[in-house]
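Let's take a walk through this model together, starting with its rings and ending with its charges. Keep the 3D view open as you read.

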Amino acid sequence: MNLRILNYLGIAVGSILMLTSCGKSEENQVTQKVPVSVTFKKSTIKKYGDFKGGDNWCQTWAADDHIYTFLDDGYGFNGSEFRYNNIPVRISGNPNNITATELSGNYPEYEFGGGYYGYGMLSVDSTIYASLSLTGMDGFSYFHGNKLFYSKDFGKTWYNHNGKPANEEKYSTEKDQVLFWQEDPVVKDSIEGYAFSWFSYCQNGKNNMHADNIGDPYIYLYSPEPDECWKMNMARVHKEHIKDKSAYEYFKAFDQYKNPVWTNDIKEKGTVYEFPYEKDWGWYSWLPSVVWNEDLGLYIMVNYGSRYGKSKGKFPGNYWNSFMHDKTCSIGFWYAENPWGPWKQIYYNPLFITGDINDRIYQPKLSPKWIKNNGKTMHLIWSDARDGWTTNYLWNQMEIDFELK
């Protein structure tokens with residue numbers, strides 16, 4: 001019996017779980033090997049992109065077998081004279097020789113410093129969805145909400161979630177032209193923060209294939225709690241209703257059988273997981289990268305905490321201000337059998353350094369496609385603010401190996 005499928009379909013399986021567990025003989029139970037440590041293979045580090053190439057690199061594995069990602073605040077990979085505020089990018093080739101194509105043909109032209117940043121990227125049913133977070137003001141600042149763009153032709157043409165051309169509504173924050181906007185406000189240091197104003201998607205295999213194979217019709221999203229970023233919120237939506245805000249459900253709590261309880265009321269959202277706490281985490285922390293690893297039969301998550309350091313900006317306190325790279329980020333890895341967990345920690349280091357104390361790493365991501373060695377080797381991609389967002393401000397990547405027991 002595939003208990004994971006029962007969970008996904010929302011069946012109350014508590015009693016079934018107990019019965020099937022009791023009915024298995026000891027010799028028939030299979031112990032799954034799980035990751036217990038991670039090795040960073042620094043000799044495999046590669047860097048792609050021009051000087052000040054960009055950052056963030058949320059990724060999805062699309063039906064055309066390419067990776068699609070967002071590039072923020074950079075000149076890109078191909079010698080552009082235009083510094084993008086954000087632009088979707090197609091990555092083809094293999095980890096040792098990638099080709100990057102900025103998909104600027106029909107995508108809105110956002111100039112550097114405009115306050116519009118690409119994060120969540122998802123391929124499902126051959127449609128690419130791209131979540132664009134908005135600061136609500138010029139320049140980089142904490143987010144107020146987001147737009148949801150989509151493309152049915154692999155980035156040639158883009159539409160807003162309401163079906164209108166993305167170019168027509170690229171700046172508008174009218175209610176029908178944004179997805180989440182100033183949701184469930186919470187106050188910290190006299191500033192309002194907003195739920196699901198930036199988020200990442202669970203990457204469920206090529207073009208969402210794993211979810212389709214197990215009959216799970218839902219898409220899953222993760223977002224940091226606005227005022228306590230080390231606490232993770234979660235939402236889901238049926239894949240046929242991604243563009244319909246009213247169809248979204250929010251993780252509320254676990255029931256007595258450790259199954260998730262969902263609610264349509266965003267104000268009832270709960271914490272699905274809590275990451276290691278330090279008093280100087282800034283809001284720009286703990287946006288996870290969750291990838292289905294088919295060979296391991298597990299979801300693998302990488303996540304990070306960014307320290308706000310010294311105050312730089314217009315807001316009171318430090319939490320909401322934009323500068324949070326006095327030190328490099330922390331890094332941790334977790335695994336789970338389901339997109340909602342329960343998550344078990346593989347590794348955590350309060351300072352992620354790839355070889356130089358001057359590293360100022362943030363936004364680590366896992367490639368949803370580049371997985372090998374029976375699932376034990378994955379590729380980590382990250383951003384780096386070293387030397388004032390210059391030296392390594394581009395696509396950084398490295399192989400990592402998991403030890404299984």
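**Rings, cores, strands and charges**

The count of aromatic pairs here comes to 53, where rings of Phe, Tyr and Trp (its six-membered ring) pair if their centres lie within 6.5 Å, with planes under 30 degrees apart counted as stacked, over 60 as edge-to-face and the rest as tilted. One of them joins tyrosine 117 and phenylalanine 140: the ring centres are 5.3 Å apart and the planes stand at 90°, so this pair is edge-to-face. Tyrosine 117 sits in strand 6 (residues 116-124) and phenylalanine 140 in the loop between strand 7 (127-134) and strand 8 (145-151), so the pair ties together parts 23 residues apart in sequence. Strands (E, at least two residues) and helices (H or I, at least four) are DSSP runs, numbered from the N terminus.

Before going further, a word on the ground rules: this is a predicted model, in which local features need pLDDT of at least 70 and side-chain atom pairs count only at pLDDT 80 or more, while totals for chains, interfaces and linings use all residues. Residues are numbered from 1 along each chain as its sequence is written, and side-chain values use heavy atoms, with hydrogens and water left out.

Tyrosine 117 is buried, with a relative accessible area of 2%, whereas phenylalanine 140 is partly exposed at 28%; buried means under 20% relative accessible area, exposed over 50%, and partly exposed in between (1.4 Å probe, protein chains only). Another edge-to-face pair is phenylalanine 275 with tryptophan 334, at 5.0 Å centre to centre and 75° between the planes. This pair links parts 59 residues apart, with phenylalanine 275 in the loop between strand 18 and strand 19 and tryptophan 334 in strand 21. Both phenylalanine 275 and tryptophan 334 are buried. Tyr117 and Phe140 also belong to one aromatic cluster, whose members include Trp198, Trp283 and Tyr362.

Trp283 leads us on to the largest nonpolar core, which has 65 residues; Trp283 is among those with the most contacts inside it, as are Phe40, Phe333 and Ile400. Such a core is a set of buried Ala, Val, Leu, Ile, Met, Phe, Trp, Tyr and Cys residues joined through side-chain atoms within 4.5 Å. What does phenylalanine 40 touch, leaving aside its neighbours within four places in sequence? Its contacts (heavy atoms within 4.5 Å) include Phe333, Leu380 and Ile400.

Now look at the open sheet of 4 strands, which has the order 2-3-4-5 and antiparallel pairing. Strand 2 and strand 5 (97-102) are its edges, each pairing on one side only. Two strands pair if DSSP finds at least two bridges between them, and 5 bridges join strand 2 to strand 3.

Finally, the charges. There are 17 salt bridges, each a side-chain nitrogen of Lys or Arg within 4 Å of a carboxyl oxygen of Asp or Glu. Lysine 206 and aspartate 65 form one of them, at 3.6 Å from N to O. Lysine 206 lies in the loop between strand 13 (200-203) and helix 3 (209-213), and aspartate 65 in the loop between strand 2 (55-61) and strand 3 (67-74), so this pair ties together parts 141 residues apart in sequence. Glutamate 249 also forms a salt bridge with arginine 236, with the closest N and O atoms 2.6 Å apart. Glutamate 249 is buried at 17% relative accessible area, and arginine 236 is buried at 10%.
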